[in-house]
Amino acid sequence: MHAATADLVFTGGPVHTVDPVRPYATSVAVRGDRVLAVGHDEVRDLVGPATEVVDLRGRLLIPGFQDAHVHPVGAGVEAGQCDLSGATGPADCAARIRAYADAHPDRPWITGGGWSMESFPGGTPDRHLLDTLVPDRPVYLVNRDHHGAWTNTRALELAGLDRRTPDPADGRIEREADGTPGGTLQEGAMRLVADHVPAVTADEQLAGLLHAQAVLHGYGITAWQDALLGAHASTPDAAPVYRRAVREGLLTARVRGALWWERSEGLGQLPELLRRREEFTLGGLNTHTVKIMQDGIAENGTAALLGPYLDACGCASGNSGLSFVDPRELAEAVTALDAEGFQVHFHALGDRAVREALDAVEAALRANGRRDNRHHLAHLQVVDPADVPRFRALGATANVQALWAAHEPQMDELTIPFLGRDRAARQYPFADLVRSGATLAAGSDWPVSSPDPIAALHTAVNRHQPGSDRPVFLPEQRIPLHTALAAYTAGSAHVNHLDDTGTITPGKLADLAVLDRDVFARPAEEIALARVLETFVGGRRVHRAPDA
């Protein structure tokens, strides 16, 4: 047994370690920032006079969750703006917008977001409603997915948009019958107005990061991959605020930052990315990742598909979505990034984008050989069956957002009818990926959806969102709880290059979370009832619920 005593001992289990060598225990000892011992009654021998003993009293100890795709700074900043998250329908949105505008009469712009596409016919709100609410100030509100924005006439005028303004190559201006911009901007068209929105201040960003960090620790999250470090649309670069938080001792999580790939700049931006990687890798922040957004989203017809979307009549349309980076250029970019030791984090939602991303990884593999950069594809809404086994073959990780794999209004009203039966049946194929031998990581894409990993576990296991009365969504793609938990811990630790985290194993960092119940001992339908009581990063308590 160990000669020295522990600083912290958890006892009275259960402990789900996510370590295949020893998956279950009832006691864990921590010394300093690392796990000292994992076992049963014998671990109590490490308790000394100064040891803090946490009696689990039947509650569950697990590795800390890690979110492999999240936007915390933007989420934190938006929480202090006009927040439309959870609003249902135009009237609810209107009431919140009016209340915010009335409460902030001195703000030159009304900004914020979180509105859901299903709240408006066709997913496209118009400028006229905003004009009645805020006629004298510009309004710019991003939607829940952050792939579209709702603007009023004043904002369109300030940006110089009219019926003669062409659509950008990577976006679309929704228009009225005469061609006048209607108020909704999709994808790359967002920046036509976003470029005129006043910048968020550094102090507002820091407040947003600290708010988000507290929220994420409250959900048991100890590390994450920030999926966009760079200026994009109306979102300022978050890299400097992370650096500030590190230098001021305020960053308590472990963060992997994905530097934004400007799709219009090509390989010419590589020296700048190398410079930024050097500048912004310090302390608990690592920026050896590059984010490439290859397509949009299915709800607005910009996810890149192998075949055309259907129209409202169920016939093939002339639209197959957008590939933001030419596939040949994508292969060249990924090969060059891979050679420089960058991990590539793809946004790949449609089956064409998934194939193009996998083809690019394969090109890098042929050119550079097998390296340990751990490229991963996020979202994976539609995956062609022929591409499922390629994840294992290429060593590409499937980064899933489980909360989306369920029947809800956006899926049922704005997605399934326009994908068609066959493609709709290939959405979020978690079980197929697991059976093929793919490595799964998991994330939330917060503020697009809730950052709560327990709700995500519930949906991955049940293919049904907590509290929903809708049918189970593609039940054959359900995965077991231990597989889903491994994705949200060890799988995400893998893509975050945090190999000394993700499981509760002697010698690894003591990143841990205590749940109020053993979710493995209860029916799968009750997973979402669990909540996090305590969170530890490196043995240091960073969250404790009032009743813990």
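**Reading the fold of a predicted model**

Guide: In this protein, among contacts (heavy atoms within 4.5 Å) between residues at least 6 apart in sequence, 72% join residues at least 24 apart. This is a predicted model: local features need pLDDT of at least 70, side-chain atom pairs count only at pLDDT 80 or more, and totals for chains, interfaces and linings use all residues. Residues are numbered from 1 along each chain as its sequence is written, and side-chain values use heavy atoms, with hydrogens and water left out.

Visitor: How many residues count as buried?

Guide: Buried means under 20% relative accessible area, exposed over 50%, and partly exposed in between, with a 1.4 Å probe and protein chains only. Of the 548 residues, 59% count as buried.

Visitor: What does the radius of gyration say?

Guide: It is taken over C-alpha atoms, and the globule rule is 2.2 Å times the number of residues to the power 0.38. For 548 residues a compact globule would have a radius near 24 Å; the protein has 23 Å, which agrees.

Visitor: Which strands form the open sheet, and in what order?

Guide: Strands of a sheet pair through backbone hydrogen bonds, either parallel or antiparallel. Here strands are DSSP runs of E, at least two residues, and helices are runs of H or I, at least four, numbered from the N terminus; two strands pair if DSSP finds at least two bridges between them. The open sheet has six strands in the order 9-10-11-12-14-13, with mixed pairing.

Visitor: How many bridges join strand 10 to strand 11?

Guide: Five bridges join strand 10 (residues 110-115) to strand 11 (residues 139-143), and the two run parallel. T111 stands opposite Y140 in strand 11.
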